[in-house]
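Thanks for coming. Please look at the structure on the screen while I talk.

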Amino acid sequence: MGPIFSLDELMDMFRRRAWMIVAIIALGCVASVLLALSQTHEYESAEVIQIAQPVIADDLARTTVEGSSARRLQLIQQRLMTRGTVLEIIDKFGLYQDLPDLKDSARIDRLRRSVRIEGIAAAREGFSDDGTISVLTITARMETPELAQAVAHEFGQRTIELSKQNRIEQASKTLAFFDAQEQAITDEITALDNEITEYRNTHDLSLPGSLEFRREEVSTINDGLLDIARDRIEVERAMELAEKSQRPATAERLRADYLEQLATLEAQRQLLMDRKQELEALIETSPEVQRQIGVYERQLEQLRDELSNIAARRTDAELGFRLEDERQAERLTVIEEAALPDYPVTESRTRKAILGGAASVFLAFAVAYLLEMRNPVMRSAAQMERELGLAPVVTVPYLDTREPRRSIWARITSLFSGKKPGGGTA
């Protein structure tokens, strides 16, 4: 300990530095008390929200809102802490009105640091973690118990409302998407049906099996032409036979009749031939027409299959939207409302003042010891013998030759008694 090796030396140091030690301790205690009194107490209130499981099992009715609850709650927390939302809450409860010079950015930062949102993960199933949150705790730390309770409850209600809106909005957008897809495919099918009908009308294919019907008609025409050829041969033979066997007048009359029959048969034959050529021309173009009709039918079949698939998904999306709208799917419920806190969470003022006083005492003693170390003076025979190894021959005690100080009351009484301050009389 340098110049201090015994309790007597330590007590002697305390006596010499008593005024300084007392001054430091007094100033430190006053500063500690003032600091403790200037401290503002803060209170905490927490609202606990549970993420409830769907009422109807996913195997029976599945919602269209995908993703883990942890990710969805993270997005909700980001929306809660946006500048607009935070300023709205500050204005609603009149926060930080005692600090009129505080900027909006500073007020937003103070509220963000005063509110904590913590989630507790649900129990794992096996070795997989699906990112499910079971409980969400929202804690608000404010200057008064009422503000802490109100702010925690406000954040809790906004979290539930945002969760509900997000889920309904996502389910609604999913349903709207499949509605639009179904309508688009329906329009495509209608347009393709109209195109097929127009193509059939253009190529005289309004009825199914037109190609087979044309071929049958050509066969019928061929039969008719064959019959006409037979009739023609019979008429020509009859006309030759009449010329040989009848009288000239009768033969001439019969010949005129037979020529009339031949002209009629020729007209019938020409009519059938024209029809046959027309049908054969159509039949020649039929393979290309049939190929295009096949293309149309395949496109129509694909669109119908896609429409059936979209319709099934739209049904699922509509069911998911109903589940969200009726709150039968995953939802947030308050299991513990924010309570009015009874005690502040900040450090006790009394404890802080006591700690400050103890620190002042330690600082006073430390300063006194450092001053002794900076001015190492041998003040006793024991110190001289310990430091130099020499025993002093004579020890002269310290004599204070200054006039002893008297109290103010003693000085006043001496003036009225007529005595001098030195002890004599006037």
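Predicted model: local features only at pLDDT ≥ 70, side-chain atom pairs only at ≥ 80, totals over all residues.

Start with the helices. Two packed helices are described by the angle between their axes and the distance between the axes. Here the pair is helix α4, residues 83-93, and helix α5, residues 104-114. Their axes come within 10 Å and cross at roughly 85°, so α4 is roughly perpendicular to α5. On the α4 side, the contact is made by Arg83, Val86, Leu87, Ile89, Ile90 and Asp91. On the α5 side, Asp104, Ser105, Arg107, Ile108, Leu111 and Arg112 take part. What kinds of residues make up the contact of α4 with α5? Six are nonpolar, one is polar and five are charged.

Next, salt bridges. The structure has 18 of them. One example is Arg113 with Asp109, where the closest N and O atoms are 2.9 Å apart. Arg113 and Asp109 are four residues apart in helix α5, so about one helical turn separates them.

Last, the surface. Val30, Val33, Leu34 and Leu37 make a nonpolar patch of about 380 Å². Val30 belongs to helix α2, residues 18-38.

How values were computed:
Residues numbered from 1 in each chain as written. Heavy atoms only, no water. Patch = residues over 30% accessible without salt bridge, like charges linked within 9 Å, V, L, I, M, F, W, Y side chains within 5 Å. Areas by Shrake-Rupley, 256 points an atom, 1.4 Å probe, with all protein chains shown as cover. Salt bridge = Lys/Arg side-chain N within 4 Å of Asp/Glu carboxyl O. Helix = DSSP H or I, 4+ residues; strand = E, 2+ residues; numbered from the N terminus. Axes fitted to C-alpha atoms, helices over the stretch in contact; angles between N-to-C directions. Parallel < 35°, antiparallel > 145°, perpendicular 65-115°, else oblique. Contact = heavy atoms within 4.5 Å. Nonpolar A, V, L, I, M, F, W, Y, C, P; charged D, E, K, R; others polar.
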